Amino acid sequence: MREERRSARYQQRVRTRASKLRSQTSGNNQAQEWNISLVDLPPEVLDTIIELLPKTDMANLAAVSKAFKASVESKFWRKIKSRIGTPRDTAGLVDFLTVRPDIIPMIRALVLDEYHPSHTRRLLSIQMPEMHSILILHAGEPIKHASEREKRALNRSLVQQPKLTN
């Protein structure tokens with residue numbers, strides 16, 4: 001909700017600024033026409049716009065060109081959420097990161113909606129140098145109880161996450 005309000009305020013500022021630019025007149029008092037595309041924007045402005053986009057729009061923008069893909073990917077993978085009962089659960093996330101290790105340095109936060117001891121430990125055994133936060137939203141008992149032997153083996157594989165703050 002707050003992000004939507006921020007996005008709406010930003011869009012209003014962009015419209016206002018564009019309107020002012022269009023209404024500026026040249027020496028002969030005729031309105032100038034401004035043709036500005038995303039490619040013409042400074043990188044920091046483009047980054048701000050991309051950060052305010054919903055994930056679906058980010059994915060669409062990444063499909064436009066290689067340049068946009070490079071700009072969008074780091075923001076797209078910044079926060080990853082798992083979904084219980086789908087291929088995007090914690091086990092699926094571990095498998096995905098195994099296949100796409102290029103994404104690992106982009107991850108800043110993980111939001112897991114399940115607590116599966118084995119899969120969570122497997123996930124935490126992956127070195128994520130830029131990860132700052134992990135949030136587990138599962139209420140109740142763990143999904144599957146791991147044996148003590150399995151827990152000990154998995155605990156040995158855990159790695160320090162240097163930037164983790166919570």
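**Figure 1. Lys-55 over the ring of Phe-76.** Lys-55 sits over the face of Phe-76, 4.8 Å from the ring centre. A charge counts as over a ring here if NZ of Lys or CZ of Arg is within 6 Å of the ring centre and within 35 degrees of the ring normal. Phe-76 itself comes out as partly exposed, at 21% relative accessibility. For that label, buried means under 20% relative accessible area, exposed means over 50%, and partly exposed is what falls in between (1.4 Å probe, protein chains only). A word on what you're looking at: this is a predicted model, in which local features need pLDDT of at least 70 and side-chain atom pairs count only at pLDDT 80 or more, while totals for chains, interfaces and linings use all residues. Residues are numbered from 1 along each chain as its sequence is written, and side-chain values use heavy atoms, with hydrogens and water left out.

**Figure 2. Phe-76, Trp-77 and Phe-96 make one aromatic cluster.** The structure has two aromatic pairs. Phe-76 and Trp-77 make an edge-to-face pair, at 4.9 Å centre to centre and 85 degrees between the planes. Trp-77 and Phe-96 are tilted, because their ring centres are 5.3 Å apart and their planes are at 35 degrees. The rules behind those names: rings of Phe, Tyr and Trp (its six-membered ring) pair if their centres lie within 6.5 Å, with planes under 30 degrees apart called stacked, over 60 edge-to-face and the rest tilted. Trp-77 is in the loop between α4 (66-76) and β1 (79-81), and Phe-96 is in helix α5 (residues 90-99), so this pair ties together parts that are 19 residues apart in sequence. Helices (H or I, at least four residues) and strands (E, at least two) are DSSP runs, numbered from the N terminus. Trp-77 counts as buried at 16% relative accessibility, whereas Phe-96 is partly exposed at 28%.

**Figure 3. The three-stranded open sheet, in the order β1-β2-β3.** The pairing is parallel, and two strands pair if DSSP finds at least two bridges between them. β1 and β3 (133-136) are the edge strands, each with a single partner, so one side of each has no neighbour in the sheet. From one strand to the next, the twist averages 10 degrees; the axes behind such angles are lines fitted to C-alpha atoms, for helices over the stretch in contact, and angles run from 0 to 180 degrees between N-to-C directions. Three bridges join β1 to β2. Lys-79 has Ala-109 in β2 as its bridge partner, and Ile-80 stands opposite Leu-110 in β2.

**Figure 4. Strand β2 is covered on both faces.** Side chains in a regular strand alternate between the two faces of the sheet. In β2, Ala-109 and Val-111 are on one side, Leu-110 and Leu-112 are on the other, and all of them are buried.

**Figure 5. The buried residues of helix α5, with Leu-93 among them.** Thr-90, Ala-91, Gly-92, Leu-93, Val-94 and Leu-97 are the buried residues of α5. Their cover includes β1, β2 (109-112) and α6 (117-124). Leu-93 counts as buried at 7% relative accessibility. Leaving aside neighbours within four places in sequence, Leu-93 is in contact (heavy atoms within 4.5 Å) with Ile-80, Leu-110, Leu-112 and Leu-123. Leu-93 and His-119 are 26 residues apart in sequence, yet 9.1 Å apart in space, C-alpha to C-alpha.

**Figure 6. Thr-120 in helix α6.** Thr-120 counts as buried, at 6% relative accessibility. Setting aside neighbours within four places in sequence, Thr-120 is in contact with Thr-90, Leu-112, Tyr-115 and Ile-136.

**Figure 7. Ser-147, in the loop between β3 and α7 (148-157).** Ser-147 is partly exposed, with a relative accessible area of 41%. Ser-147 and Ser-118 are 29 residues apart in sequence and 9.4 Å apart in space, C-alpha to C-alpha.

**Figure 8. The protein chain, with its seven helices and three strands.** Along the sequence, the pattern reads α-α-α-α-β-α-β-α-β-α. Buried residues make up 28% of the 166 residues. Among contacts between residues at least 6 apart in sequence, 63% join residues at least 24 apart. The chain exposes about 11,200 Å², with carbon and sulfur atoms supplying 55% of it; these areas come from the Shrake-Rupley method with a 1.4 Å probe, and for residues only the protein chains shown count as cover.
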